[in-house]
Amino acid sequence: GYFVPKELPLKGKKVVVTAGPTRERIDPVRFLTNFSSGKMGYAMAEAAASLGAETILISGPVSLSPPPNVTLVSVESAKEMLDAVLLHFDTATMVVKTAAVADYKPKEVHSQKMKKQPGESVIVLERTTDILLELGKRKKDQLLIGFAAETNDVIHYAKSKLDKKNADYIIANDVTEEGSGFGTDTNAVTLVGKNIEQYFGHQTKKVLALQLLQTIIQLEKDDAK
Ligand code: CTP
Ligand code: CA
């Protein structure tokens with residue numbers, strides 16, 4: 001079960017968690033998004049707060065209530081999420097990037113509703129900023145934790161994201177695994193760091209989030225010795 005730890009290892013520290021999908025507008029009535037429910041991110045924020053952190057939860061549009069003792073910042077697009085994260089980055093101890101950020105956005109946002117036309121149509125897309133990559137370039141003492149939802153070669157891709165984005169940990173999950181990934185209340189993940197590859201079996205996202213944070217805190221403590 002979920003029990004609040006007596007020790008508060010994150011007391012006095014600021015943790016920034018991003019959660020949910022982003023929305024990239026096409027026109028005033030349409031957008032691009034993905035299947036992220038925000039549940040894992042909200043569980044990470046709840047865990048950070050329960051460990052004593054001042055917790056900033058930067059969330060895309062989801063249908064969840066924020067956990068107690070968390071400051072919610074609601075955003076829509078990848079650009080808004082980037083700006084909100086950067087506002088808190090310098091003073092953060094840890095950034096947990098659980099959000100499923102859109103990789104592409106429409107190159108042109110129509111100011112009026114697009115009308116249907118006969119035949120095929122094309123929406124030209126351009127890349128969004130990779131927020132985690134950007135943080136990896138700017139980081140000083142901040143601990144950077146990313147997530148990676150994959151359908152294949154999970155550990156291989158997690159390791160390459162760890163390197164490429166200069167992250168400290170990537171929490172990877174195989175979304176094809178039963179009871180894992182988008183929308184479910186449970187998950188199973190592998191914590192991948194420079195010196196660690198640890199599988200956390202199927203359990204609720206809330207319990208998993210707490211175990212992940214506690215494990216990371218312990219690893220960092222051991223590392224500092
Ligand atoms: N991420 C981000 N900004 C983006 C895209 C991703 O900050 N524009 C972050 C996610 O929040 C996550 C990590 O990068 O913590 C990995 O996201 P993922 O989508 O798995 O990786 P990508 O680098 O986008 O690669 P791909 O989607 O091609 O697998
Ligand atoms: Ca992506």
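A: Start with helix length. The expected span of a helix is 1.5 Å times one less than its number of residues. Keep in mind that this model is predicted.

Q: How many residues does helix α5 have, and what distance does α5 reach from its first C-alpha to its last?

A: Helix α5 covers residues 205-224, which is 20 residues. Its first and last C-alpha atoms are 28 Å apart, close to the expected 28 Å.

Q: Which residues of α5 are buried?

A: Count neighbours. A residue is buried if 20 or more other C-beta atoms lie within 10 Å of its own. In α5 the buried residues are Lys 205, Lys 206, Leu 208, Ala 209, Leu 210, Leu 212, Leu 213 and Ile 216.

Q: Now the whole chain. How many helices and strands does the protein chain have?

A: The protein chain has five helices and 12 strands. Of its 225 residues, 40% count as buried.

Q: What does the radius of gyration say about the protein chain?

A: Compare it with the value for a compact globule. With 225 residues, that value would be near 17 Å; the chain has 18 Å, which agrees. Along the principal axes, the C-alpha atoms fill roughly 65 × 35 × 35 Å.

Q: What share of contacts in the protein chain joins residues at least 24 apart?

A: Take contacts between residues at least 6 apart in sequence. Of these, 60% join residues at least 24 apart.

Q: Where do Arg 25 and Asn 34 sit?

A: Arg 25 lies in strand β2 (residues 24-27). Asn 34 lies in the loop between β3 (30-32) and α1. Arg 25 has 15 other C-beta atoms within 10 Å, so Arg 25 is partly exposed. Asn 34 is partly exposed, with 15 other C-beta atoms within 10 Å.

Q: What separates the C-alpha atoms of Arg 25 and Lys 105?

A: They are 80 residues apart along the chain, yet their C-alpha atoms are separated by 7.5 Å. Leaving aside neighbours within four places in sequence, Arg 25 is in contact with Phe 31 and Val 109.

Q: Which residues is Asn 34 in contact with?

A: Leave out its neighbours within four places in sequence. Asn 34 is then in contact with Pro 21, Ala 100 and Ala 102. Pro 21 is 13 residues from Asn 34 along the chain, and their C-alpha atoms are separated by 6.0 Å.

Q: Next, the ligand. How many residues surround ligand 1?

A: Ligand 1 is surrounded by 14 residues, and the closest are Lys 97, Val 101, Ile 131, Leu 132 and Gly 146. The elements that give two or more residues to this shell are α3 (131-138) and β9. The largest share, four residues, comes from β9. By type, the shell divides into eight nonpolar, two polar and four charged residues.

Q: Which residues does UniProt list for "binding site"?

A: The unreviewed UniProt entry lists Asp 103, Lys 113, Phe 147, Lys 161 and Lys 165.

Q: What does Lys 161 touch?

A: Not counting residues up to four places away in sequence, Lys 161 touches Gly 146, Ala 148, Ala 167 and Ile 170.

Q: Last, phi. What is the value near which phi of Asp 153 lies?

A: Most residues other than glycine have a negative phi. Phi of Asp 153 is near 45°, a positive value. Asp 153 is found in the loop between β9 and α4. Phi of Asn 166 is also positive, near 55°. Asn 166 is in the loop between α4 and β10.

Key
Residues numbered from 1 in each chain as written. Chains lettered and ligands numbered in written order. Predicted model: local features only at pLDDT ≥ 70, side-chain atom pairs only at ≥ 80, totals over all residues. Buried ≥ 20, exposed ≤ 12 C-beta atoms within 10 Å, placed from the backbone. Near = placed C-beta within 6 Å. Nonpolar A, V, L, I, M, F, W, Y, C, P; charged D, E, K, R; others polar. Rg over C-alpha atoms; globule rule 2.2 N^0.38 Å. Contact = placed C-beta atoms within 7 Å. UniProt positions renumbered as here; feature names shortened; annotations may be inferred.
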